[in-house]
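Dear colleague,

I am passing on the structure we spoke about, together with some notes on what turned up in it. Please look through it with the notes beside you.

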Amino acid sequence: MLNRVRSAVAHLVSSGGAPPSRPKSPDLPNATSAPPAAPPQAPRSPPARAGSGGATPARTVEARASFSRPTFLQLSPGGLRRADDHAGRAVQSPPDTGRRLPWSTGYAEVINAGKSRHNEDQACCEVVYVEGRRSVSGAPREPSRGQGLCFYYWGLFDGHAGGGAAEMASRLLHRHIREQLKDLVEILQDPLPPPLCLPSTPGAPGSSDSSQLVGPQSCWSSQKEVTHESLVVGAIENAFQLMDEQMARERRGHQVEGGCCALVVVYLLGKVYVANAGDSRAIIVRNGEIIPMSQEFTPETERQRLQLLGFLKPELLGGEFTHLEFPRRVQPKELGQRMLYRDQNMTGWAYKKIELEDLRFPLVCGEGKKARVMATIGVTRGLGDHNLRVCSSTLPIKPFLSCFPEVRVYDLTQYEHCPDDVLVLGTDGLWDVTSDCEVAATVDRVLSAYEPNDPSRYTALAQALVLGARGTPRDRGWRLPNNKLGSGDDISVFVIPLGGPGSYS
């Protein structure tokens with residue numbers, strides 16, 4: 001089987017072919033080539049493919065969905081095999097030839113130490129052009145190269161229970177964002193406040209006689225202020241939801257297995273929008289200062305939200321779980337005793353009398369990296385996971401998982417940035433063993449060794465961060481210089497410069 005896979009990959013690349021075509025989403029149009037064009041990119045490092053024949057074995061389906069790497073790595077068949085080698089764990093970065101990633105972005109990744117069959121992280125870096133859908137006046141917009149908007153996009157997707165969801169999100173999420181921004185093109189370029197309503201096309205479904213509508217002054221004495229910034233945040237939030245809904249529809253036909261955490265950065269009109277759903281992390285290192293740009297969403301950080309949902313909808317617990325949290329699992333011999341607990345309203349602890357239903361397994365259990373929802377999953381936000389069930393049960397976990405990201409905004413125009421100011425994005429493989437302060441120290445150490453105008457400095461920094469978290473192989477596994485265990489997870493890192501030559505304009 002392995003020889004057939006390698007042969008298929010080699011044939012695909014040597015013949016100049018592109019990756020196998022995938023069914024198009026009913027929600028998304030074809031990608032359009034409009035200015036400003038994205039840098040030319042090589043085909044995605046191809047997934048392994050099985051030969052034609054009858055029914056596809058399950059292992060081949062998994063390989064087809066997972067065994068691919070980001071487009072911009074431009075991996076050859078040999079490079080693809082090295083990237084998939086758990087023993088060597090070679091760090092992968094874009095080649096130092098041709099055109100670089102936008103803003104001279106640095107990127108590096110490494111596969112896990114055997115945790116999963118393939119690297120389940122995915123990454124995307126694009127320049128996306130958005131053409132307006134309509135004018136604010138309601139008249140169809142005349143096509144014009146000058147009327148659109150361009151945004152820069154970076155995405156890290158940390159897959160779990162398979163790489164299909166991460167791979168799909170890396171291909172399509174930025175297109176969903178583009179679709180959501182189409183209605184906003186003219187509004188975002190207008191200094192006036194956004195209109196309350198967008199006019200409907202006359203005769204179109206949903207249009208109505210304005211004389212039959214209740215005027216806003218009859219209900220509210222004033223109108224809430226809505227900023228352009230909040231419109232972009234809403235567009236990103238809606239895009240995440242639509243991406244999740246598409247995964248739900250296509251999970252059977254296109255092998256969209258598992259789920260993924262998603263960390264996305266959008267640069268638009270002078271502002272950086274950082275959207276996080278999961279346990280990846282983003283920080284800005286500016287003049288030695290650390291500015292957190294994301295929050296991790298885990299069973300511990302979202303305990304109260306999860307418990308509230310379990311309290312309001314006890315049917316989701318299936319009679320198997322309790323929404324209450326106890327310091328440890330309650331034992332039958334403790335019935336009638338008073339034990340420490342906390343519910344959805346509490347940040348502290350109190351005592352309650354143990355009753356029969358308290359013997360059920362807690363909805364949220366464990367702590368730190370071992371914290372779990374329904375004893376199954378350690379993240380509470382992300383995309384996918386529509387088939388996830390409690391172990392040895394048919395009870396679905398998806399109702400407790402949110403696809404909505406937290407979006408933080410950073411205004412680049414408010415500060416004078418130097419070439420050493422960077423935004424660092426990393427999957428949890430980096431942050432499991434590396435603190436924010438250690439990352440900031442690496443930023444200072446690596447960038448100070450390069451000339452400020454050397455565009456390769458950010459790739460070198462990304463590689464240093466990945467190598468520092470991976471460690472070196474020893475008799476007892478991958479170890480850090482202090483002899484502690486290195487990260488055995490997939491590690492992916494973007495380094496985005498916020499200042500210096502060619503960074504933004």
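**Serine 456 and its surroundings**

Once its neighbours within four places in sequence are left aside, serine 456 is in contact with Arg100 and Tyr450. Serine 456 belongs to the loop between helix H9 (436-447) and helix H10 (457-470), and, with a relative accessible area of 18%, serine 456 is buried, since the cut-off for that class is under 20%.

Please keep in mind that this is a predicted model. The average pLDDT of the protein is 83, and 78% of the residues score at least 70.

**The protein as a whole**

The protein has 505 residues, of which 50% count as buried, and it contains ten helices and 19 strands. Among the contacts in the protein with a separation of 6 or more, 71% are accounted for by residues 24 or more positions apart.

**Helices H4 and H6**

Two packed helices are described by the angle between their axes and the distance between the axes. For helix H4 (residues 164-181) and helix H6 (residues 228-250), the axes come within 8 Å and cross at roughly 135 degrees, and H4 and H6 are therefore oblique to each other. The crossing in which H4 passes H6 is right-handed. On the H4 side, the contact is made by Ala165, Met168, Ala169, Leu172, Leu173, His176, Ile177, Gln180 and Leu181, while H6 contributes Ala235, Asn238, Ala239, Phe240, Leu242, Met243, Gln246, Met247 and Glu250. Of the residues in this contact of H4 with H6, 13 are nonpolar, four are polar and one is charged.

**Two residues with positive phi**

Most residues other than glycine have a negative phi, which is the background for the last two entries. Serine 104, although not a glycine, has a positive phi of about 55 degrees, and its place is in the loop between helix H3 (77-83) and strand E1 (106-110). Asparagine 287, also a residue other than glycine, has a positive phi near 55 degrees; asparagine 287 lies in the loop between strand E6 (281-286) and strand E7 (289-292). Is asparagine 287 buried or exposed? With a relative accessible area of 75%, asparagine 287 is exposed.

Definitions and conventions. Residues numbered from 1 in each chain as written. Predicted model: local features only at pLDDT ≥ 70, side-chain atom pairs only at ≥ 80, totals over all residues. Heavy atoms only, no water. Axes fitted to C-alpha atoms, helices over the stretch in contact; angles between N-to-C directions. Helix = DSSP H or I, 4+ residues; strand = E, 2+ residues; numbered from the N terminus. Parallel < 35°, antiparallel > 145°, perpendicular 65-115°, else oblique. Left-handed = near helix turned anticlockwise from the far one by under 90°. Contact = heavy atoms within 4.5 Å. Nonpolar A, V, L, I, M, F, W, Y, C, P; charged D, E, K, R; others polar. pLDDT = per-residue confidence, 0-100. Buried < 20%, exposed > 50% of the residue type's maximum accessible area, 1.4 Å probe, protein only.
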